[in-house]
Amino acid sequence: MRYLLEGREAVFHGTKVGIGTIIALKAHAYLAGLEPDFQALKNMPRKPFDQWEQEIRTAFLGAADEVIALEKKGGKNDPEKLAERLASIEANWEQIKALLGSTLKAQVVCDILTNLDAPTKPHQIGVPEEMALQAILYAKEIRDRYTALQLLWDLGELENFAESVINEYYH
């Protein structure tokens, strides 16, 4: 989206999907390794809406109003909805963890793409570090659906996960 909004040359959709798939599978592995402290999560402070809105305006530029409207409609970052999800996640954590641990490993997809001479990392298609970080942190805001990135956010781990990916790819 940022490339389009900034008038940059487009990257093939399939190329972005390949890189995104690797990152999503890394998220699954990261989540599968967690042992959340659900009691602490219930009391964990979250960003106020105005701070979140400012970050969305920075990350999404001209598309920010649509993303903000989606959040106002769906409220997936709403504290009450978060509390409900955390209760459900806690009650089903062992099943969730088993499912996350059973998904394809990121390295398998990385190896397939490498064998096809396809990019596997954001910087290989010209994505600067800050844009890659924002993509991981805010991709969950684009659609009204529950993803691994939303689960990471719910568990207070999205920023840690994003930093680990960025450190792996850019440092």
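With which side chain does the side chain of Lys140 make a polar contact? The partner is the side chain of Gln150, at 3.4 Å. A polar contact here is a pair of N or O atoms within 3.5 Å; within protein, one must be able to donate a hydrogen and the other to accept it, and residues adjacent in sequence count only if both atoms are side-chain atoms.

This is a predicted model: local features need pLDDT of at least 70, side-chain atom pairs count only at pLDDT 80 or more, and totals for chains, interfaces and linings use all residues. Residues are numbered from 1 along each chain as its sequence is written, and side-chain values use heavy atoms, with hydrogens and water left out.

Stay with Lys140. Lys140 sits in the loop between α9 (129–138) and α10 (148–154). Helices are DSSP runs of H or I, at least four residues, numbered from the N terminus. Lys140 has a relative accessible area of 3%, so it is buried. The cut-offs are under 20% for buried, over 50% for exposed, and partly exposed in between, with a 1.4 Å probe and protein chains only. Beyond its neighbours within four places in sequence, Lys140 is in contact with Lys76, Asn77, Thr147, Leu149, Gln150, Trp153 and Leu158. Contact means heavy atoms within 4.5 Å.

Trp153 has charges over its ring. Lys140 lies over the face of Trp153, at 4.5 Å from the ring centre. Arg46 also lies over the face of Trp153, at 4.6 Å from the ring centre. The rule asks for NZ of Lys or CZ of Arg within 6 Å of the ring centre and within 35 degrees of the ring normal.

Now turn to helix α7 (residues 93–101). Its buried residues are Trp93, Lys97 and Leu100. Seen down the axis of α7, they fall within an arc of 65°, so they line one face of the helix. The arc is taken from the directions from the helix axis to the C-beta atoms. On the other side of α7, Glu94, Gln95, Ala98 and Leu99 are exposed. The cover over the buried residues includes α2 (13–32), α3 (38–42), α6 (79–91) and α10.

Trp93 leads on to the aromatic pairs. There are three, counting rings of Phe, Tyr and Trp (its six-membered ring) with centres within 6.5 Å; planes under 30 degrees apart are stacked, over 60 edge-to-face, and the rest tilted. Phe38 and Trp93 have ring centres 6.3 Å apart and planes at 70°, so the pair is edge-to-face. This pair links distant parts of the chain: Phe38 is in α3 and Trp93 in α7, 55 residues apart. Both Phe38 and Trp93 are buried.

Phe49 and Trp52 have ring centres 5.3 Å apart and planes at 40°, so this pair is tilted. Both lie in helix α4 (residues 49–60), three residues apart, about one turn of the helix. Phe49 is partly exposed, at 36% relative accessibility. Trp52 is buried, at 8%.

Trp93 also touches Pro36. Pro36 lies in the loop between α2 and α3. Not counting residues up to four places away in sequence, Pro36 touches Leu41, Trp93 and Leu155.

Finally, the core. The largest nonpolar core has 48 residues; Leu31, Ile56, Phe60, Ile136, Leu155 and Phe161 touch the most other members. Its largest share, seven residues, comes from α2. Such a core is a set of buried Ala, Val, Leu, Ile, Met, Phe, Trp, Tyr and Cys residues joined through side-chain atoms within 4.5 Å.

Conventions
Helix = DSSP H or I, 4+ residues; strand = E, 2+ residues; numbered from the N terminus.
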